[in-house]
Protein chains: 2
Amino acid sequence: MSSNRGLLFIVSAPSGAGKTTLVDRLVEQVRGLRISRSYTSRTPREGETDGVDYNFVSRARFEAMIARNDFLEWADVFGNLYGTCASDTEQLLAAGDDVVLVIDVQGARQVRQRAGVLTTVFVMPPSFDILEHRLRSRSKDSEDAIRRRLQVAGHEVAAFSEYDFIVVNDELTAAVDRLRSIVLAERARLTHMRGDVEAIVRTF
Amino acid sequence: MSSNRGLLFIVSAPSGAGKTTLVDRLVEQVRGLRISRSYTSRTPREGETDGVDYNFVSRARFEAMIARNDFLEWADVFGNLYGTCASDTEQLLAAGDDVVLVIDVQGARQVRQRAGVLTTVFVMPPSFDILEHRLRSRSKDSEDAIRRRLQVAGHEVAAFSEYDFIVVNDELTAAVDRLRSIVLAERARLTHMRGDVEAIVRTF
């Protein structure tokens with residue numbers, strides 16, 4: 001529809017709120033929306049693939065990227081480094097793709113400072129109990145690690161008011177539909193449509 | 001989901017752009033979204049039903065409503081009076097329903113002055129030629145009336161930049177989907193979700 005520069009979206013959520021599944025479904029459903037894959041220094045977990053789940057790089061390479069200011073945002077999470085490459089994201093946006101970054105609260109703060117216009121979405125679990133249940137049922141983490149995640153989640157959900165939109169992940173299909181709606185609505189916003197619409201007005 | 005006051009939407013479009021069909025489909029698809037039916041002093045056209053297409057009232061009754069300041073907006077369109085009843089709309093919003101007003105550019109200006117927060121959408125025909133074709137193929141109007149409508153349409157599309165969102169009605173299903181997305185996205189907006197989300201945060 002539009003030959004505009006792409007739109008930038010951030011989706012954040014506490015660990016266990018289901019953001020990865022949500023965003024994977026989202027990009028399946030929305031043409032022209034791409035994930036800017038994060039880089040990480042941690043080793044792949046069972047079932048994770050380099051270039052799909054993350055770009056897995058050595059800690060040395062990650063630190064060299066930090067030194068070159070390559071990251072739009074990066075963070076040390078439980079001793080592992082995670083980051084979003086600024087030039088990867090810029091390339092997609094310049095090509096007219098809309099881009100979604102799946103990053104945490106701290107990362108979102110860094111991107112807000114560095115990027116221009118962007119739309120931010122916080123995915124909320126329906127309650128603490130449901131988040132705890134999801135973490136325990138899916139995670140291979142130790143009891144200690146789970147407790148630590150829940151504690152961090154408590155800090156993260158408190159940051160919801162820094163975001164433009166809130167999607168409560170009560171039911172997967174409905175939550176994906178709400179995320180998709182946020183993307184389609186941003187595409188229909190006057191500021192994004194102005195060029196196309198001016199061309200239509202000129203036919204009158 | 002929410003016990004909040006409802007959200008108010010305006011959908012405007014030049015005559016022939018298909019706004020009535022679009023909005024009828026929209027309210028079929030979105031639970032909790034209601035049309036605040038307009039009042040008009042004109043006589044029903046063939047196939048139109050009182051209380052469904054419009055509330056058809058006498059000119060005397062319409063003028064009495066104007067005198068009582070009953071209308072959120074009203075207009076004289078080609079000699080017929082059209083208006084949106086403020087108390088009808090308020091009742092729906094207070095009950096927590098989201099409300100969509102299908103009104104013209106002038107009406108939208110009046111509502112912007114009088115109502116508080118609202119979200120406005122302009123439905124654009126894909127081009128002048130397509131609008132002309134649609135008007136000629138569906139309308140029982142005289143050549144003069146069609147020319148007058150097209151001229152008015154030219155003024156109306158020029159007002160697109162007064163609106164928050166633009167939906168180009170190129171293909172009905174896609175256009176309804178975009179309208180629906182705008183409604184769902186507004187529901188997910190932080191300001192609307194704050195109460196619900198604060199309740200979730202308190203479970204942590």
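**View 1. Helices α1 and α7 of chain A lie oblique to each other.** Their packing angle is about 60 degrees and their axes sit 9 Å apart, so the pair counts as oblique, the class left once angles under 35 degrees (roughly parallel), over 145 (roughly antiparallel) and 65 to 115 (roughly perpendicular) are taken out. Here α1(A) covers residues 19-29 and α7(A) residues 172-187; helices are DSSP runs of H or I with at least four residues, strands are E runs of at least two, and both are numbered from the N terminus. Axes are lines fitted to C-alpha atoms over the stretch in contact, with angles from 0 to 180 degrees between N-to-C directions. Among the residues making this contact are A:Leu22 and A:Leu26 from α1(A), plus A:Val176 and A:Leu179 from α7(A) (contact: C-beta atoms, placed from the backbone, within 7 Å).

This is a predicted model, where local features need pLDDT of at least 70 and side-chain atom pairs 80 or more, while totals for chains, interfaces and linings use all residues. Residues are numbered from 1 along each chain as its sequence is written, with chains lettered from A and ligands numbered from 1 in written order.

**View 2. Chain B meets chain A.** On each side, 29 residues are in contact. α7(B) gives the largest share of chain B's side, six residues. Elements giving two or more residues include α5 (128-138) and α8 (190-201) of chain B.

**View 3. A:Ile166 and its surroundings.** Setting aside neighbours within four places in sequence, A:Ile166 touches A:Phe122, A:Met124 and A:Phe160, and also B:Ala188, B:Leu190, B:Met193 and B:Val197.

Key. Contact = placed C-beta atoms within 7 Å.
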